[in-house]
Amino acid sequence: MTNDDKKDGHDKTITIVVNGTPHTVPKNDDLTYAEVVTYFDPTYPQHPQTVYSVTYTRGDKPKEGTLSPGGSVKAKDGMDFHVLPTSES
């Protein structure tokens, strides 16, 4: 692959980090709350009643924030997510 290939969009993935673990995701995608939580807890789709606190840094606009249930954020290479279970259910 040449540098020209990368300019033509052949490099279609980026890396995000969820609680210290890197994950490869499609470039230019929106990441949903459910997707990010599932990277942290793969059983989340079977237990969606569990509530998590999701914060991120190194985003695009805004650079940092909170991701709420039902929400999404534009994926950016190197984004860092922190997912913590809450006491709510």
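**Note on the predicted structure**

1. Asp 80 is buried, because its relative accessible area is 14%, where buried means under 20%, exposed over 50% and partly exposed in between (1.4 Å probe, protein chains only). The model is a predicted one, in which local features need pLDDT of at least 70 and side-chain atom pairs count only at pLDDT 80 or more, while totals for chains, interfaces and linings use all residues. Residues are numbered from 1 along each chain as its sequence is written, and side-chain values use heavy atoms, with hydrogens and water left out.

2. Asp 80 has its place in strand E7, and, once its neighbours within four places in sequence are set aside, Asp 80 is in contact with Val 17, Thr 55, Tyr 56, Thr 57 and Arg 58, contact meaning heavy atoms within 4.5 Å. The C-alpha atoms of Asp 80 and Arg 58 are separated by 6.2 Å, although the two residues are 22 residues apart along the chain. The side chains of Asp 80 and His 82 are joined by a polar contact of 3.5 Å, that is, a pair of N or O atoms within 3.5 Å, of which, within protein, one must be able to donate a hydrogen and the other to accept it, residues adjacent in sequence counting only if both atoms are side-chain atoms.

3. For orientation, the protein chain holds two helices and seven strands, and from the N terminus on its elements run α-β-β-β-α-β-β-β-β. Helices (H or I, at least four residues) and strands (E, at least two) are DSSP runs, numbered from the N terminus. Of the 89 residues of the protein chain, 25% count as buried, and 49% of the contacts with a separation of 6 or more are made by residues 24 or more positions apart.

4. The open sheet is built from five strands in the order E2-E1-E7-E4-E5, with mixed pairing, two strands being paired if DSSP finds at least two bridges between them. Its edge strands are E2 and strand E5 (65-67), each of which pairs on one side only. On average, and with direction ignored, neighbouring strands of this sheet are turned by 30° against each other. Helix H2 (residues 33-40) packs on the sheet and touches E1, E2, E4, E5 and E7, its direction making about 100° with that of E4; axes are lines fitted to C-alpha atoms, for helices over the stretch in contact, and angles run from 0 to 180 degrees between N-to-C directions.

5. The individual pairings can be followed strand by strand. Strand E1 (residues 13-18) pairs with strand E2 (residues 21-26) in the antiparallel sense over six bridges, and these strands form a hairpin with two residues between them, where Asn 19 in the turn has a positive phi of about 50°. E1 and E7, by contrast, run parallel and are joined by two bridges, whereas E4 and E7 run antiparallel and are joined by six bridges. Val 18 stands opposite Thr 21 in E2 and also opposite Phe 81 in E7, while Thr 55 has His 82 in E7 as its bridge partner.

6. A search of the whole structure finds four aromatic pairs, in which the rings of Phe, Tyr and Trp (its six-membered ring) have centres within 6.5 Å, planes under 30 degrees apart counting as stacked, over 60 as edge-to-face and the rest as tilted. The Tyr 44 and Tyr 52 pair is edge-to-face, because the ring centres are 5.9 Å apart and the planes stand at 75°; Tyr 44 and Tyr 52 are both buried. Tyr 56 and Phe 81 form a tilted pair, with 5.9 Å from centre to centre and 45° between the planes. Since Tyr 56 lies in strand E4 (residues 52-57) and Phe 81 in strand E7 (residues 80-85), this pair ties together parts that are 25 residues apart in sequence. Tyr 56 counts as buried at 5% relative accessibility, and Phe 81 is buried at 0%. Ring pairs also link Tyr 33, Phe 40, Tyr 44 and Tyr 52 into a cluster.

7. Lys 74, located in strand E6 (residues 72-74), is partly exposed, with a relative accessible area of 42%. Not counting residues up to four places away in sequence, Lys 74 touches Asn 28, Asp 29, Asp 30 and Met 79, and its side chain reaches the backbone oxygen of Asn 28 at 3.2 Å. The C-alpha atoms of Lys 74 and Gly 59 are separated by 7.7 Å, the two residues being 15 residues apart along the chain.
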